[in-house]
Amino acid sequence: MTSPEIRPRRSGARSETMQHIERWKEFVIGSVIRICGFSAVVFVFGIFFFVFKEGAGLLFGGLDFVQFFTSPEWYPDSPSNIRYGILAIMAGSFAVVVMAMIVAVPLGLGAAIYISEFSSGMIKEFLKVIIELFAAVPSVVWGFIGLVIMNPMIINVFNAPVGLNALNGAILLALMSLPIIVSISEDALKAVPDGYREAAEAMGATRLQISIKVLLPAAKNGLLAAVLLGVGRAIGETMAVLMATGHAVNIPTSPLDSVRTMTATIAAELGETAQGSDHYKVLFVIGTLLFLITFIINLTADLVVKGIRKR
Amino acid sequence: MSTFEITRHGRNKERVQSIATALLLGVTCLLILPLASVIGLLIVRGAPALSFEFLFTQPINGMTAGGIMPAIVGTMWLVGTSLLMAAPVGVLAAVYLNEYAKDNWFSRIINLAIVNLAGVPSIVYALFGVGAFVLFMGFGTSILSASLTLAIMTQPVIIASTKQALSAVPMSFREACWNVGATRWQTIRHVVLPNSIAGILTGIILEVSRAAGETAPIMFTGAAFFLPFLPQSVHDQCMALSMHLFTISTQVPNVPPAYPYATAVVLVGLVLMVNTTSILLRIRLRRRRKW
């Protein structure tokens, strides 16, 4: 970072005592800054530790793992036969996220290509601002939109009995993950050196051909990272799916089925359980699982991006 | 036929190109359309309930009448308190990463942690807040617990934009300062920070918008469905705009239809206003920068 000749002094003061004080000050402030810098690592470990800790009692004592992962039966309050099977809940999360990505990935990449390669000047700036504002709309507002706008719309268009279903949640998640997919894809496209574009243009390629045949392959790692982060955002989204997917624990067979996601289950049930009960603990186990899933997704995205930088 | 006349192949190529341009433009417009129509619809349907009275009075009759004043006040408490905790730590963390850290495995781990912090689901933050602040540290469900949760959640926003602002200060500025005998901190304090303060500010403003919109992390750590009084200290619970929107649109029967819309308009309006301020500040800054 610094060239060898020019480095910060250890102390700027002239007299010996002043120098001593200065050096002390420098040390204390430097330490505080280092601690703050390290805090993010502490926070990530802290999050894992505390969520894991609350669920650990059940995880190591009594949770039937086979049932947990393979049973679609979620009856945490059943008086006679309590069952904690999260298969249906995971299927709900999975269905909503996959459907959301089917919509969001092509749209997001298309918009990123347009913003990066086909627009310029004020229009480009304007579009980027819109994307940024898009990302700022709170998730509870999206949930509200799902509840009062999308719900009747889906009932009318698809003649469905209920409008609060996987499709509703997926559309909302698509809208919510679009900004992140667009902005990171746009960054990835921007990072491709102009020489690639110029070389292709000299060969007589049109903008479109350049975009598809040169830029997409060249930026593929960044684009993959963008999609991964979009998936991560969609899996973790809580309020929108809580309000819009209809709250039915079952494995969906059609997009118009109501589902329940992992995040929505925690949000809906945490308030009703007694602290320290098995039901309470199992929600923290689901939370730990969610943490691990998003952690792996983010780690992969990071490695994919770092991969480009090394090359 | 002259040599330079466009061939049929070339014409085809151009046609495909213009169709594709139109298509991509359409896709991009699809991004603007939902945002614009949603905001328009919220305003139209919320308009009957929007008034000064709505903003400045208490909700009454089981939240089916009156206003949203306590929710607005509560959101201000949460945002203010979380900002007090998130801003110093976030800015200093960015100072560390940009001014102190060398490019090694240690700083890579920190960067990785920040990326992950940004990716943890909001409901997991809620669980963390309950486990760490409400129970372990014994703060109970209070503004303090909720703000601490929000503060950690919004760290990455502040760190990212502060880092960007710091790295925009040219290296030569620092070297000039070191050359006259300044220490690292003196350089940061008198050269780096003054030259990047506006950029840092945009990040802090973004934190406000993010914290104001979150619902899940405060649901179980400090936000209440309904409180007949305003919070007096950080140890009280409070209402919050985002939580209030969730409550009156899903949990409370017989709310007049315009009420949740009006609440949503206030929340979205607040968040977008804050964001626009940040964006305008950033644009002005870019114009003014001389280096």
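Visitor: In chain B, what share of the contacts with a separation of 6 or more comes from residues 24 or more positions apart?
Guide: The share is 75%. Keep in mind that this is a predicted model.

Visitor: How much of chain B is buried?
Guide: Of its 291 residues, 52% count as buried.

Visitor: And what radius of gyration does chain B have?
Guide: Chain B has 25 Å. A compact globule of 291 residues would come out near 19 Å. The C-alpha atoms of chain B fill a box of roughly 80 × 65 × 35 Å along the principal axes.

Visitor: How many helices and strands are in there?
Guide: Chain B has 11 helices and two strands. Along the sequence, the pattern reads α-α-β-β-α-α-α-α-α-α-α-α-α.

Visitor: Now α5 of chain A. How far apart are its end C-alpha atoms?
Guide: They are only 25 Å apart. A straight helix of 20 residues would reach 28 Å.

Visitor: Where is the kink in α5(A)?
Guide: At A:M150, shortly before the proline A:P152. The kink is about 45 degrees. A:M150 is also among the buried residues of α5(A).

Visitor: What do those buried residues pack against?
Guide: In chain A, α6 (166–190) and α10 (239–244). In chain B, α1 (8–46), α10 (241–251) and α11 (258–288).

Visitor: What comes just after α5(A)?
Guide: A:N159, with a positive phi of about 55 degrees.

Technical notes
Residues are numbered from 1 along each chain as its sequence is written. Chains are lettered from A and ligands numbered from 1 in the order in which they are written. This is a predicted model: local features need pLDDT of at least 70, side-chain atom pairs count only at pLDDT 80 or more; totals for chains, interfaces and linings use all residues. Helices (H or I, at least four residues) and strands (E, at least two) are DSSP runs, numbered from the N terminus. The expected span of a helix is 1.5 Å times one less than its number of residues. The bend at a residue is the angle between axes fitted to the seven residues ending there and the seven starting there. A residue is buried if 20 or more other C-beta atoms lie within 10 Å of its own, exposed if 12 or fewer, and partly exposed in between; C-beta atoms are placed from the backbone. Two residues are in contact if their C-beta atoms, placed from the backbone, lie within 7 Å. The radius of gyration is taken over C-alpha atoms; the globule rule is 2.2 Å times the number of residues to the power 0.38.
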